[in-house]
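Trainee: I am new to this structure and would like to go through it with you slowly. Could we begin with the place where the chains meet and then turn to the strands and the backbone?

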Amino acid sequence: MTERADFTIDGRPAEAEAGVSLLAALWNEGVRAVRTSVTGEARGPLCGMGTCFECRVTVDGQAHVRSCLTPVRDGMSVELQSASVPDEATLTESSPPGSTEERLHAEVVVVGGGPAGLAAAVHAAEAGARTLLVDTYPRPGGQIWRHRADPPAAASDWIARFVSARVTPLVGATVVDATAQELLLDHAGRPRRVRFDRLVLATGARELFLPFPGWTLPGVLGVGGAQAMLKAGARFSRKRVVVAGSGPLLVAVAAALAKDAASIVGLAEQAPLGRLAAVGAGLWRTPRKIAEGLGYAARLVGVPWRTGAWVREVEHEHGTLRATLTDGSRTWSWDCDVLACGYGLVPNLELARFLGCRTAADRVVLGTAQQTSVPGVFAAGELGGIAGVGHALVTGAIAGLAAAGREVPAALARRRARELAFAARLGHAFVLRDELRGLAHPDTPVCRCEDVAAGRVEGVASSREAKLATRAGMGPCQGRVCGPALGFAHGWPSDNIRPPFFPTPLAVLAQGNDEARDPM
Amino acid sequence: MSSSPSVIVVGAGVVGSACAEALAEAGCRVSVLDAAFPGAGVTGAAMGHLVVMDDSDAQFALTSYSRHLWSERAAALPPEVEDEACGTLWVAVDDEEMTHVRKKAAYYSERGEVVEVLDSHALRQAEPQLRAGLAGALRVPDDRVVYPPAAARHFLERARARGAEVQTGAHVEELAPGRVRCAGGWREADLVVNAAGPEAPRLTPGLPIVPRKGHLVITDRYPGFLHHQVVELGYLKSAHTLTRESVAMNVQPRRTGQLLVGSSRELVGWDASLNRALLARMLRRAAEFIPSLPRLDALRTWTGFRPATPDKLPLVGMWEKGLWIAAGHEGLGVTTAPGTARLLVDLILERRPAIDPAPFDPRRSMPAHD
């Protein structure tokens with residue numbers, strides 16, 4: 001029997017399966033538009049994993065809460081219109097946050113609890129280093145192994161080793177500031193300082209979104225976004241779904257949605273078939289083969305597949321989304337309830353860059369032991385190249401061993417080379433076509449936090465200038481969504497992030513940086 | 001000086017841009033050079049509080065003149081300048097400070113500024129988020145708030161519309177009367193105006209300007225949380241005592257509903273890194289006045305460098321023949337940009353300025369920096 005949570009949405013009673021995310025609970029109650037944007041547009045979730053800030057709601061009087069990161073709780077009172085004035089009673093009745101500050105120290109601190117972070121923490125701890133792992137989510141596993149009750153089979157072994165190696169888990173905690181020796185965390189609204197001797201960055205990747213007309217309509221999600229929501233308990237049964245964009249995730253997510261009894265209207269991959277076939281050494285000869293290769297074909301029987309095709313725009317009519325697609329010569333429409341559209345992954349380089357780690361071509365420059373250009377700082381997983389779970393596990397292992405002062409076995413280095421070579425072939429197959437650079441119309445929002453239209457950033461020369469001239473990138477996501485999109489469209493490098501890396505109560509900055517703190 | 005000289009303005013911050021606008025309006029042929037883009041330096045880091053200040057008669061004269069110029073053009077400012085006539089509350093914590101509030105009120109009103117003295121109760125009514133038990137405040141209703149980089153761009157747009165040429169990404173390597181060296185080549189004009197803010201002494205050695213670092217924090221959107229820019233009366237002490245480090249409560253509601261929380265001052269050269277202990281002190285100081293502030297989400301912190309002079313007044317006027325200065329505005333560059341521009345143009349065109357220019361003469365005698 002499943003436990004249930006009773007909560008309210010704008011005062012209306014609602015219920016959810018206990019343990020699902022608040023976002024999933026809202027979605028399952030039929031809520032698509034969860035917030036109103038700064039110019040009054042209705043908005044719904046996009047990324048599903050804490051990056052885009054489109055799913056913010058007011059929870060028990062606290063404004064700007066990301067519902068995707070918040071488990072639904074019995075008795076929760078949820079208001080959909082964010083940006084409300086915090087009511088004075090709520091603000092003053094409880095003690096201010098941040099009044100208990102704790103300082104921790106570990107020889108090896110790992111940031112990120114996905115496969116790379118887990119492997120790093122397990123190897124460092126098994127090698128004898130006192131190890132601590134920080135992750136924003138309540139459970140380790142990252143996006144790929146995100147789970148509610150039991151972890152997926154591939155993850156359970158690692159989680160068991162994580163426990164037996166006595167890694168200190170610090171979950172539900174987000175790094176908001178960092179110096180050369182220390183991290184400042186927001187741990188459920190309270191500051192925590194973690195001092196490290198060596199640091200392993202395993203901050204993973206997020207989805208690349210390319211703005212097109214209609215991409216801000218509620219019901220337009222990321223591909224990874226749909227997957228993350230599904231894993232967090234959102235139901236897609238009987239929903240008509242179009243899956244589009246680029247990358248191996250499309251097929252996997254279409255199959256997962258189909259398993260949840262969604263009706264997949266169609267699947268559109270922007271890469272041309274010829275490129276997929278040329279790169280895939282037989283596996284990618286036809287789209288159907290892709291599915292077979294990955295074991296998904298049975299779930300996608302009869303689904304229209306298009307390669308070399310992309311979404312040009314989406315409109316909303318009488319509760320239905322109408323996606324207009326094109327392959328460059330022909331255009332057609334697919335009606336749907338949900339459009340899942342994403343263009344692959346971009347690494348979360350913000351913390352690495354802030355610490356001064358050298359980056360090039362959107363990855364951290366790494367040595368053979370996964371060391372960055374900053375002494376004592378290592379990086380693993382997608383930070384070293386978007387290369388999937390196998391690469392994440394092996395580079396995590398190398399980084400963990402190196403951070404614990406161990407030699408790196410040659411076998412691991414060979415595995416890493418194989419994984420990277422495979423990833424390079426995949427990356428080549430799914431390289432983004434030039435037509436996608438110009439999808440946004442002048443009035444299409446590019447910055448969803450501040451509602452800055454594409455036309456307004458014409459004529460500026462950098463991300464930083466765009467920020468100061470138009471506010472693009474100045475919202476709570478700090479340019480995590482529009483930065484890579486503008487980078488792809490205009491060739492601008494991302495502007496450096498400023499603390500706090502994620503929004504955090506002022507109390508965390510005030511209490512977490514007291515006078516006793518050593519100078520940098 | 002001929003009636004419409006050609007002028008090169010170095011620096012497209014809010015001061016340089018306002019000067020370019022005023023010069024172009026006066027019929028001068030204007031070129032603006034900026035190493036990066038409009039508002040990229042101290043303007044982009046600034047709070048944008050348009051405030052009348054009374055550290056000295058001269059400071060009052062320039063800030064009052066300038067703020068009136070801002071008010072006159074408010075209706076014509078484009079929305080992205082985010083102009084908001086929120087007024088200032090100078091908050092007094094005790095009776096001693098209330099005595100000061102009354103003196104300040106008298107000084108302002110004698111000089112034609114509208115002010116209102118609020119007692120403890122009226123202050124609570126005006127700003128319910130301020131803690132109970134404060135003694136009162138001076139309300140200056142005509143003070144305003146703008147978004148400084150957008151203001152700089154607006155001034156430049158207007159200068160362009162009158163024929164000014166604006167070159168961004170143009171790093172000036174050397175500057176001399178009537179000419180500047182940029183990308184290896186010399187460019188000439190009748191006059192050069194150094195409006196490079198904290199960078200001004202690099203180009204004109206001998207200018208008594210040092211970078212005075214400040215921290216700011218901006219929050220997420222909480223519309224209606226505050227209604228005025230609230231500043232503790234002790235801010236004057238913080239702003240005007242050139243000690244190494246100081247903080248004062250200074251919190252601004254922006255039109256977006258965001259709050260901008262300051263302020264700190266320190267002299268540490270050009271080290272732009274966060275001074276986390278000072279930042280924490282600054283936030284705790286603000287929380288002493290606004291108890292629920294710590295619960296609001298911070299979005300970003302940053303630092304910037306105010307161009308500070310030893311006597312706390314800007315340098316506006318001729319440095320030598322062919323070379324003019326409009327720099328050294330410390331924390332008042334946004335407020336005083338329009339007044340500075342008028343003053344400069346009047347001096348260049350040998351017209352009678354609206355305020356006495358002598359206190360701003362760049363060649364005046366000044367104490368050395370601490």
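**Interface, sheets and backbone**

Mentor: B:Arg153 forms a salt bridge with A:Glu465, and the closest N and O atoms of the pair are 3.3 Å apart. Please keep in mind throughout that this is a predicted model.

Trainee: How many salt bridges are counted between chain A and chain B?

Mentor: A pair of this kind needs a side-chain nitrogen of Lys or Arg within 4 Å of a carboxyl oxygen of Asp or Glu, and B:Arg153 with A:Glu465 is one such pair, at 3.3 Å. Between chain A and chain B, the count of salt bridges is five.

Trainee: Which helices and strands of chain A each supply at least two residues of the side that touches chain B?

Mentor: The contact takes 48 residues from chain A and 41 residues from chain B, and the residues on the side of chain A divide into 24 nonpolar, 11 polar and 13 charged. The elements of chain A that each supply at least two residues of this side are strand E6 (62–66), helix H2 (88–93), strand E11 (173–178), helix H12 (463–470), strand E29 (504–505) and helix H14 (506–511).

Trainee: What area is buried between chain A and chain B?

Mentor: Carbon and sulfur atoms give 56% of the buried area, while the polar side of the interface shows in 17 residue pairs in polar contact, with both residues at pLDDT 80 or more. The area buried between chain A and chain B is about 3,800 Å².

Trainee: Which residue of E17(B) is the bridge partner of A:Thr504?

Mentor: E29(A) pairs with strand E17 (residues 297–308) of chain B in the antiparallel sense, over two bridges. In E17(B), the bridge partner of A:Thr504 is B:Ala298.

Trainee: Why is one side of E2 and of E6 in chain A left without a neighbour in the sheet?

Mentor: The open sheet concerned has five strands with mixed pairing, in the order E2-E1-E7-E5-E6 (chain A). Within this sheet, strand E5 (residues 56–59) and strand E7 (residues 77–79) of chain A pair in the antiparallel sense over two bridges, with A:Thr58 opposite A:Glu79. Strand E2 (12–17) and E6 of chain A, however, stand at the edges, so one side of each lacks a neighbour in the sheet, and each has a single partner strand.

Trainee: Which residue in the turn between E9(B) and E10(B) has a positive phi?

Mentor: Strand E9 (residues 172–176) and strand E10 (residues 179–182) of chain B pair in the antiparallel sense over four bridges, and B:Ala176 stands opposite B:Arg179. The two strands form a hairpin with two residues between them, and the residue in the turn with a positive phi, of about 75°, is B:Gly178.

Trainee: Where is A:Asp10 found, and what is its phi?

Mentor: Most residues other than glycine have a negative phi. A:Asp10 is found in the loop between strand E1 (4–9) and E2 of chain A. Although A:Asp10 is not a glycine, its phi is positive, at about 50°.

Trainee: What is omega for the cis peptide bond from A:Pro499 to A:Pro500?

Mentor: A:Pro500 is found in the loop between helix H13 (482–490) and E29 of chain A. For the cis peptide bond from A:Pro499 to A:Pro500, omega is near -5°.

Notes: Residues are numbered from 1 along each chain as its sequence is written. Chains are lettered from A and ligands numbered from 1 in the order in which they are written. This is a predicted model: local features need pLDDT of at least 70, side-chain atom pairs count only at pLDDT 80 or more; totals for chains, interfaces and linings use all residues. Side-chain values use heavy atoms; hydrogens and water are left out. Contact means heavy atoms within 4.5 Å. Buried area is the accessible area (1.4 Å probe) that two parts lose on being put together, summed over both. A polar contact is a pair of N or O atoms within 3.5 Å; within protein, one must be able to donate a hydrogen and the other to accept it, and residues adjacent in sequence count only if both atoms are side-chain atoms. Ala, Val, Leu, Ile, Met, Phe, Trp, Tyr, Cys and Pro count as nonpolar, Asp, Glu, Lys and Arg as charged, and the others, Gly among them, as polar. Two strands pair if DSSP finds at least two bridges between them.
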